[in-house]
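Let's work through a few charged side-chain pairs, one exercise at a time. Have your viewer open and try each task before you read its solution.

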Amino acid sequence: MHEFKYKGKDLYCEDIKIADLARRFGTPLYVYSYHTLVDHFTKLKNAFREINPLICYSVKANSNLAILKALIDKGAGLDIVSGGELFRALKAGCPAKKIVYASVGKTGSEIEEAIKKGILFFNVESIGELENITRISKKLGKVTNVAIRINPDVEPKTHKYITTGKLTNKFGIDFKSAQQIFLLRRALKNIRISGLHIHIGSQITESQPYVAAITKMISFINKLKAEGVVIDYLNIGGGLGIVYDKETPQTAIDYAGKILPLLKRTGLKIIMEPGRFIVGNAGVLVTKVLYVKKTPKKEFVIVDAGMNDLVRPSLYEAYHNILLLQETGDPDVHLRFSRDRRQETAKVDIVGPICESGDFLAKERMMPRLKEGDYLAVMSAGAYGFSMSSNYNSRKRAQEVMVVNKRAILIRKRETNQDLIRNEIMPKGSL
Ligand SMILES: *Cc1c(COP(=O)(O)O)cnc(C)c1O
C-alpha cells in the first residue's frame, strides 16, 4: 500500500496535493507519507506476530529523526552501522536495548561509545573486530553481548553492488571460522556470544534466498547445540525488495509463510532489520523542470534534482517511476494521456544540473511532453534517497517534509550557503 495517488488530475500524498507542497516549500523536496511508513512496519510486525520478533529498522535507509521517531513510537528497534547512527538513534528516543550494530569497520571509539550506551549487541564481522571488542570491554570492566555475522554464501539474485552474503563480499564470517570462534568462546572473558546474524543483500524480491540462508543457519545452530553452545538470538537481517517498476516482490505475508516455520524450529528470539521495505515506497522526490533541450540525437529534460539528491539511478542503474504531478489518468500508464498537450509523448532523458554525464534520473523514458515549470515526482525514493545525498557541486541538500493526513510537517530544512562551508577553515595570510 502507498498513499501517493492521483485524485482527479493531481498527485496527492495522503490528503495533500503534492504540487502545493512543491510551491510552498520549493524543490527539490522529499515528501514522505507517515501512514505508508507506519503501515509497512505494521504489516511486517503482524505477519510475524506468532513469534513477536524485534524489528530493528535499518537507519541507513533513511535516517531522518522524524522517520526514526515515527517507527520507534510503533515499537521498532534500530539497526545501526556507525557511531553517527548511534547518536541519531538515541536522539530519536530509541531504547539502547533495542539497538543492534553491524559494520565491517567499527572503530575503537565507536565500539567504546556503543558499549557505554548499553546497546543490545554488536553484529561482529571479523575476528579482529571480536578481539577489539574484547579488549575494549575488558578496559571498561564490562561483558559485551555480540552476535556473529555469518556469511552464508547464498546468491540473493539482486544487483551485484547490493549483494552481501556471498563469500566474495566483505561482510560476515564463514561458517568454519565462526565455529572456531565458538570453540574459543570461553577464553573470551569479556564477551558473550548471544546470537547469530545474517544479512544477505538488498532489494531481494523472492523468499527462496532467505529460505536457503536460514536453512544453512539452522544446521549450523544444530551443530553448535551438539557442542553445548547456547545462544538466544537469530538476526535474519533485512533486504526485502519493493516495487520500483515491474517487480513482484514477496509480500510480508508470503515472506512469513515461507520462513516462519523455519524460524519457529530454531526456538530463538528473532530479530529483523528491514530498511527499504519500510521506507522505500513511503517517500518521493519532487523536482521541477528547468529546461527542455533537444540535441540532434536526444531530448533532455533538465530538472532541479540531481545525482547529489538521488544517486540510485547513477550508482545502481536503478529504475524510478517518474510521474507528472498534474496528470489526467492512470498513474501506471504513461502513454494514456487523454487530454490537452499531454496527449503528446516523447522519449527523453531526465537529467540533473550536475556536471557529470552520469547525472540522470531516467534514461530513454516515455513521458508526456514536458515544459519548463512542470513538477515531477520521482517515486519510491524514500529509501537510500536523502540518506545517500551529498553536497557535490556545492548543492544544498533538499528539504524533507512528512505528511500526516492533511498536515505537512517540515522535518529537515534546506541547507544554506553557510551550511556548505560550516566546517571549512580559511587559512590566514598567504599559503
Ligand atoms: C543495509 C542493511 C540492512 C537493510 O537493508 P534493506 O535492504 O534496506 O532492508 C539490514 N541489515 C544490515 C546489516 C544492513 O547493512
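**Exercise 1.** Work out whether Arg412 is buried, partly exposed or exposed, and find its link to Glu415.

*Solution.* Start with the relative accessible area of Arg412, 24%. Buried means under 20%, exposed over 50% and partly exposed in between (1.4 Å probe, protein chains only), so Arg412 is partly exposed. Glu415 comes out at 11%, which makes it buried. Next, check the pair for a salt bridge (a side-chain nitrogen of Lys or Arg within 4 Å of a carboxyl oxygen of Asp or Glu). Glu415 and Arg412 form one, at 3.7 Å from N to O.

A note on the ground rules: this is a predicted model, where local features need pLDDT of at least 70 and side-chain atom pairs count only at pLDDT 80 or more, while totals for chains, interfaces and linings use all residues. Residues are numbered from 1 along each chain as its sequence is written, and side-chain values use heavy atoms, leaving out hydrogens and water.

**Exercise 2.** Find what Arg192 and Asp232 tie together.

*Solution.* Their closest N and O atoms are 2.5 Å apart, in a salt bridge. Arg192 sits in strand β10 (residues 191-197) and Asp232 in the loop between α8 (208-226) and β11 (233-235), so the bridge ties together parts 40 residues apart in sequence. Helices (H or I, at least four residues) and strands (E, at least two) are DSSP runs, numbered from the N terminus.
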